[in-house]
Amino acid sequence: MVTRQGNETLLEREETVLKPPPMYKVILLNDDFTPMDFVIFILQEYFHKDTQMATRIMLKVHHEGKGVCGIFPRDIASTKVKQVIRHARQEGHPLQCTMEEA
């Protein structure tokens with residue numbers, strides 16, 4: 001901010017408050033056709049889950065209809081959603097992956 005006192009120009013420091021970017025949950029949705037082994041593979045390949053955690057998330061998707069794979073900044077979450085859907089379609093599976101603000 002600039003202020004003037006007589007013939008002098010004074011610059012005042014403005015504090016900038018930075019906040020972290022919004023985070024997004026990446027979610028897998030249940031369907032009756034995608035094999036459980038493929039869902040585990042996706043969780044390991046794209047979300048770096050170990051076999052035990054991937055199995056837990058897959059069972060949550062299976063029993064509750066959806067499961068959170070991870071929480072990421074918007075661009076990363078969007079990229080992961082696209083990668084999962086593309087891979088699923090290449091393999092002939094209807095697996096759905098979405099994101100929502102955390």
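This report describes salt bridges, strand pairing, a helix and its surroundings, and surface features of a predicted model.

## Basis of the model

The structure is a predicted model in which local features need pLDDT of at least 70 and side-chain atom pairs count only at pLDDT 80 or more, while totals for chains, interfaces and linings use all residues. Residues are numbered from 1 along each chain as its sequence is written, and side-chain values use heavy atoms, with hydrogens and water left out.

## Strand pairing

Helices (H or I, at least four residues) and strands (E, at least two) are DSSP runs numbered from the N terminus. Two strands pair if DSSP finds at least two bridges between them. Strands E3 and E4 run antiparallel and are joined by 7 bridges; across this pairing, Tyr 24 stands opposite Phe 72 in E4. E3 also pairs with E5 in the antiparallel sense, over 6 bridges, and Thr 98 in E5 is the bridge partner of Ile 27.

## Salt bridges

A salt bridge is a side-chain nitrogen of Lys or Arg within 4 Å of a carboxyl oxygen of Asp or Glu. A search of the whole structure finds 2 of them. In one, the side chains of Lys 25 and Glu 100 meet at 3.5 Å, N to O. Lys 25 belongs to strand E3 (residues 23-29) and Glu 100 to strand E5 (residues 96-101), so this pair ties together parts that are 75 residues apart in sequence. For relative accessible area, buried means under 20%, exposed over 50%, and partly exposed in between (1.4 Å probe, protein chains only). Lys 25 is partly exposed at 24%, and Glu 100 is partly exposed at 34%.

Glu 64 forms a salt bridge with Lys 60, with the closest N and O atoms 2.7 Å apart. Both residues lie in helix H2 (residues 51-64), where their separation of 4 residues amounts to about one helical turn. An α-helix has 3.6 residues a turn, so residues three or four places apart point the same way. Glu 64 is exposed, with a relative accessible area of 56%, whereas Lys 60 is partly exposed at 38%.

Helix H1 (residues 36-47) contains 12 residues and reaches 16 Å from its first C-alpha to its last, close to the expected 16 Å; the expected span is 1.5 Å times one less than the number of residues. Its buried residues are Phe 38, Val 39, Ile 40, Ile 42, Leu 43, Tyr 46 and Phe 47. Their cover includes E3, H2, strand E4 (66-73) and helix H3 (74-90). Just after H1, His 48 takes a positive phi of about 55°.

His 87 is located in helix H3 and is buried, with a relative accessible area of 15%. Leaving aside neighbours within four places in sequence, His 87 is in contact (heavy atoms within 4.5 Å) with Phe 38, Phe 41, Ile 42 and Tyr 46.

Met 23, Val 68 and Ile 71 form a nonpolar patch on the surface, with about 230 Å² of accessible area together. Patches are made of residues with over 30% relative accessible area and no salt bridge, like charges being joined within 9 Å and nonpolar side chains (Val, Leu, Ile, Met, Phe, Trp, Tyr) within 5 Å. Accessible areas come from the Shrake-Rupley method with a 1.4 Å probe; for residues, only the protein chains shown count as cover. Met 23 lies in strand E3 and is partly exposed at 32%.

Asn 7 occupies the loop between strand E1 (2-5) and strand E2 (8-11) and is exposed, with a relative accessible area of 85%. Asn 7 and Ala 88 are 81 residues apart in sequence and 69 Å apart in space, C-alpha to C-alpha.
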